[in-house]
Structure formats: C-alpha cells, structure tokens
Amino acid sequence: MQPDDSQYLQRKCRIGEIDVHPTEKALVVYYEVEASILGESGNARLEEKKECQKIIRLRSLNASTDISSLARKVVEECKIIHPSKLAEVEHLLLYLQNRKKPSSKSEKKEKKPPKPRELLPFEGTEIDEEANINKIEDYIELLYESIPEKIRGSTLILHLARNPDNLEELLHNETALGALARVLREDWKHSVELATIIIYVFFCFSGHCLVLRLYRIHQCLTGCASRGRRRTDPHDSYSSCSFSQFHGLITHYKIGALCMTIIEHELKKYDLWQDELEKKSKACDEDPDNQSLRKEHEKTFKKYQSLLVKQEQLLRVAFYLLLNLSEDTRTELKMRNKNIVHLLVKSLERDNEELLVLVVSFLKKLSIFLENKNDMAEVDTVEKLARLVPCEHEDLMNITLRLLHNLSFDTGLRTKMVHVGLLPKLTSLLGDDTHKHIAMRILYHISVDDRSKSMFAYTDCIPQLMQMLFEHGEERIDTELISFCINLAANKTNAQIICEGNGLKMLMKRALKLKDPLLMKMIRNISQHDGPLKQLFIDYVGDLAAQIKLKGDEEFVIECLGTMANLTIPDLDWELLLKEYNLVPYLKDHLKPGSAEDDLILEVVIMIGTVSMDDSCAVMLAKSGIIPALIELLNAQQEDDEFVCQIIYVFYQMVFHQATRDVIIKDTQAPAYLIDLMHDKNVEIRQVCDNTLDIIAEYDEEWGKKIQSEKFRWHNSQWLEMVESRQMEEAEPYLYGDDTDALEQPDLFYSTDGMMPPEPGLSPDFYSQFHSQNGDFNACNGADGRPATAYGFRPDEPFFHGYGSSR
C-alpha cells in the first residue's frame, strides 16, 4: 500500500426497528451499516451507509414454545440486537405465536426460488485464540510447517477473511494468498480439513459486498478501477454478492480448476468407500456368526461416517465457490468443458440437505443453456431428482421442482419423468399451496405429449383439476389451470373422466355464463371424441347455436362453432337446427373473404362440411348459393392449405349426395378447381381431391375423360415429352395429328414398336387381360358402401402397361 493510501476500514452498525415477517415465522431486524475508509491520520477519507435487514427464522416456534426463553436466545445469538430490546422481542414473538395462518388468497402466492444458505463455520474451524490482522505474517509462517500447523494457520486466516473489514489488506497480501494457493495444490490429498479451509478463504473473496463496493470506489479514486457486477443475497447480513474483479484473483491462482479436480477425486473416493462397505456387509451376511468380521464392518462404517461429514463440508464450500465463479459465462463454459454437470449430478446421491440445495441450485442455473441441459440428459439427472420429490426440506423441494420445470421443456426428459414415476408424485403436490403452481407447470408440459396424456387417467389429477375449476366462482380461470385442462381433454379416456357425473353440464353452464373462450376450447376438445361422449352434447346443441349469432367475443364464437362442427352424430337433426336458428344466412355471409377473422371463416367452412353430411341439409345449402361462395373463398385462400382442404371436403360431401351432385358438376366450376389441385404438395389435399374427382368421373362422362386424361398425362409426363421430342426430330406423326388425344390411340399403350424390343412369350391373351381389367369403366362400390375409385394410375407402373387399376 502506498503511503498516501487508506490504511484500514472502520465499520459501525446502528440498530433500527424490529418487526415480524409478513408471511413466515420470523423476525426482521432493520439496521444501518456505516463503513469508512480511514487514512494515516485516522480521518475518514470515504464513507458509505447502507440500510440492511436480517431475517431471523424461528422454525421451532409453535403453540407450546416458551416465549421468554426463546426471546433471550434470539437476543444472545443475534449480536446486532441490543439486550435492552428483550421485552420488544418477547412481545413480537408472542404475536407470531398467536398469529393466524395466511388467508387463501395470500397462500396462492408462489414462493420465491430459494438460494443456498450462507456458509457458516463448521467442525475443524474452531480455534482457541482470536485472529488478528496484525499477526498475518505469523499465520503465513505456519503454512510452511507440518499439516496440523498448516491447518491452524489457514484457519486463522479464514477467520480474518470472514470479517469484511480485513478483505482489502488480505487482497493486497500476495504472500498470504500465494502461500495458501501453494499449500492447496500440494497438500489437498493429505488433509480434507486443510483443503476445505483454504477453499473457504478464497470463497470469502466472492462473497462480501459492502466493503468490496467501497474498495471498488477507492480503486476509482486512485485510478485503478475495474469493472464488475454484483448479486445480492438476502441470507448475508452484508448483502453478499459476486464481483468479477475479485473472481480474477481466484482465476489467477487457478483455484476453480483445482476445486473441480478435488471434487472429482472426492467423488471417486466416495465410490470406493461404498464398494468397501458393501463387500464387508456382504461378508457379514454370509457369515453372521463371525464377530471379527462384524466388528471390522462396524469400525469401517464409523470411519466412513466421519469421513463423509468432512467430505460433504469440502464439497459444499467448493461447489459454492464454483457457483459464484460461474456468474461469468466464459468461466461457466470452461466448467462445462471439464464436466461440471457430471460432478453435480453425481453429488445428488448424497443425503446432506444443505449440500443438495446448493447442488440443485447450481444445476438449475446451468440448465438454462442447451449444452448443459443435454449433458444432464445424458447422465440421468431426472432419475436422481425423482427421489427428492417429495421431501421434507422445503427449500430443497422448491428448487428441485424448479430444476425439473426447466428440464421439462425437453421432450425426451419429459418422457423420462413419466417413466421414473414422477407423474403421481407431482399430482399429489396439486393440493399443496406452496408447490402447486410450479408442479402444475411441469404437469402441463408433460400433458403436451400425446403419449403421456393417457397416463393422467391413472392418477387423481383430473378430479383435483375439476375441483379447482369450480372453485373459481365468477372469476376467470387461471391460464395455467385451464391450459392444462385443455391438453388433458384432448385424450378420450381423460375426457370420459372429466364428463363423469355432471362434469360436462357444469362446464357448459360455466362457459356459457362467463363466455370464457378457453373453457369452451376445453369443451371443444371433449366433443371431438367418437362414441358416447358426442351423444352427451345433444342437449346443448341449441345453446351453442344460439351463441353463434350473438355479437360478442369472437374467440368464444369460434370455439362454439368448432364444438358444433365436431358433432357428427346420426341422431342429430341438423336441418331442424339450421331452420330454427336461421343459420344458413349466417354461414353464407361469413364465407365472404374479409367478412371476419380467418379463424372464424375457417370454422364456418368446417361447420358446413359437417352439416353437409346430412342429405337434406346439403340440398338446403346448395340452393342457398353457398357453393359459389366457397369457390370465391377458395380463390382468395388458395395459399392456405387448411382452407383449401376443408373447402374440398365440402365439395366431397356435396358430390356424395345424389341431390347436390348435379349442382356441383353441372352448375359450378368446382371440378376444374379440383383437377388443378390433383397434384398439390399437401398429401391430405391430394387425398380428398382424388376421392372427390373419382366420384365426379363415375357420374359424368365428359368430366371423366378430362380427369382420366389429366391423370394419364401426370403419371406419364416423361414419356409424353420423349414422344413429342421424337416426333419433332423424326417428323413421325405418332399422335395422328395435332388435335388427337393420346388416350384415343390404343397402339401407344399396347404396342412397343420403336420403343423397345418385344418380349418373347407375351401372347395376345396377356393384352386381353389388361383390356378386360381397364376397358370397362363401370362404377364399383367400396367396402364401406361409398363409391370407390374405378380407375387411377400407379406411378410405379411403366406407361405401356396400361393406365391404371383400382387403388
């Protein structure tokens, strides 16, 4: 330090008010910390004040707690509370003891994600003297002695580092930091306690905020500023944070990389301990009367327990240091390259709850990056997390669910969650106000997959959701809840459970009353399932039809239309419904391009397709002039595959009925549009188009020839191009004139002259076989009673084999 630089820091703490926590069993102590940087003369060169608060959680507080004893304990252990405040503390504790539980509305508030608790002194860091910054040189000397002296020296330095007043001087003491880094590199294998203490020292430099902030300002004043950002931590009375400039110190000594090496070694050692215990346990089981084996096993187990405690202390402080360092994404990437995810997931096998909170918090932070998420998928993270759900440790439970939520965005990991049995566990949390919101989000993601939807039927999830739906009263249902229900209703088994009792009646009553489009979407999903479920909607068709013509929420009308369009029920009198509610003009008016939103127009087209299945309704619609309106809409929406497919389906229904077939074929240009769409890129459009054209061709000879010619030209286009090319080159009239159709020249189909040598063994009977199969164009019926295609072309057949056989 330069002579004109600051010499030391002075900190003052002023106690303020003490109050109760609004939701938890805890006291909140408000106080003010005043930190000053003093110069050589003792005058303050720089001062800063910061208002802080400390939360004292009282987990043991219950109805039978001795309030006086608890108040004395709180005042004794919390150094910032003056003994004169004892009576006030006792009064507040009495209030907490008698305070009622939060109301249902406040309980619905989601708990904030927990953070790892502040590291506290642990076994092995106790000393019989008070550390003094003026004796730092003596402590450094101890680092050059044997292991016990090194432990003592590093422990004294740790006690200094835990006090933020000493950090500045320690930061500039390169001898001390260099000696600590050297000892850690050389002796970490020899002593777990020594490694833990030294890592803890370096951890302190990634923690304290207020003094580090002052130091940063001091650097700015002296021209040595460096950039960084901080992260507050409510668990630390000094608002713990991480500064990248102090991380540089840790990076300089390569402490992060060394920590990962130490962690990997300790995890391997843990596996060896487990194997040794398993072998000795097996030997005791095989020879239960052998007392020497049993004593040896007990001795090994006690040693294992002692080592396990020390090892978990080491893992916790090392992981905590790495977690702070990972604030820099470049450092996090280096950790990922050194397989940090594998080390963390391996640590999930432990039972130490504080260590698990830290490990799961670290994994949650890493999981927001795709590469880390993929690493977690490879090492069976979900399987190891499953054992933590549920657990009694509230913070561990909360952070585990949040990690699972991050992972549930991946389809493969969602499937794993189902396979490892998380579905019933998560379902059981829907009744827990603390965790139900995050549990529902995970379940919602699982319900997205069709293969997983059916699994919900084997849990009590659906009854719980239905109860939640009906508990909302007049309020709009939570988006998370109704979205989850919409997904589940898409499965037939789930829909049956939803409709049990008065389920559908209650849903319809609520949806129609509140005009809730999301609730109606859930009902629409139920209506799509064939069988008894559709029959349940007969009682509500009139209500749905009445909603369609009402002016109001267009989204709600769309869902009502979609629900009605799903009701392909033979017993439903569509003609009576259309007349009673005068729906035909409404349907026709909403076919005009631009008359409404595209989603509403599309639902109108689908509705017309459903209604057209009834013969009398098809006639009514055809006479109303709906078909030209559909053709106009087809021209306007020809780039939208969904529109095109649904309009063609309406044409299919129209030509299927005798009464409307002539209107489609003779009075409109619908067949011409269908021919143009025969070879559309969309498979479903081609399929509906082919079926419709087959029926048209069977009942109209003129259109049949055009359709037949187009199919032939399409499937034999390469051959026709070759024939036309040879005709131009050799001037041979293959097609007998320019205006003659190729289909009228049988020698082109049944002769191979000039194209390829004749195959030996082909008799005239071979060709007569083809003539008898393809020469007769009489209609034939399919197995389902509907006209089946009598001709068509297989693109895998050569042109000279004729032009089709039944598909």
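1. Helix 7 (residues 174–187) comprises 14 residues, and the distance from its first C-alpha to its last is 20 Å, close to the 20 Å expected at 1.5 Å a residue. The structure discussed here is a predicted model. In helix 7, the buried residues are Ala176, Leu177, Ala179, Leu180, Ala181, Val183, Leu184 and Asp187.

2. Among the buried residues are Asp395, Asn398, Arg402 and His405, together with Leu396, Met397 and Ile399.

3. The surroundings of helix 18 can be named. Its buried residues pack against helix 15 (353–366), helix 16 (370–378) and helix 17 (381–386), as well as helix 19 (411–419), helix 20 (422–428) and helix 21 (436–447).

4. Helix 39 (residues 683–699) and helix 40 (residues 701–715) have axes that come within 6 Å and cross at roughly 135 degrees. The two helices are therefore oblique to each other, and the crossing of helix 39 and helix 40 is left-handed.

5. Which residues form this contact? From helix 39, Leu693, Asp694, Ile696, Ala697 and Tyr699 meet Glu701, Trp703, Gly704, Ile707 and Lys711 of helix 40. By class, the contact of helix 39 with helix 40 holds six nonpolar, one polar and three charged residues.

Methods. Residues are numbered from 1 along each chain as its sequence is written. This is a predicted model: local features need pLDDT of at least 70, side-chain atom pairs count only at pLDDT 80 or more; totals for chains, interfaces and linings use all residues. Side-chain values use heavy atoms; hydrogens and water are left out. Axes are lines fitted to C-alpha atoms, for helices over the stretch in contact, and angles run from 0 to 180 degrees between N-to-C directions. Helices (H or I, at least four residues) and strands (E, at least two) are DSSP runs, numbered from the N terminus. Angles under 35 degrees count as roughly parallel, over 145 as roughly antiparallel, 65 to 115 as roughly perpendicular and the rest as oblique. A crossing is left-handed if the near helix is turned anticlockwise from the far one by less than a right angle, and right-handed if clockwise. Contact means heavy atoms within 4.5 Å. Ala, Val, Leu, Ile, Met, Phe, Trp, Tyr, Cys and Pro count as nonpolar, Asp, Glu, Lys and Arg as charged, and the others, Gly among them, as polar. Buried means under 20% relative accessible area, exposed over 50%, partly exposed in between (1.4 Å probe, protein chains only). The expected span of a helix is 1.5 Å times one less than its number of residues.
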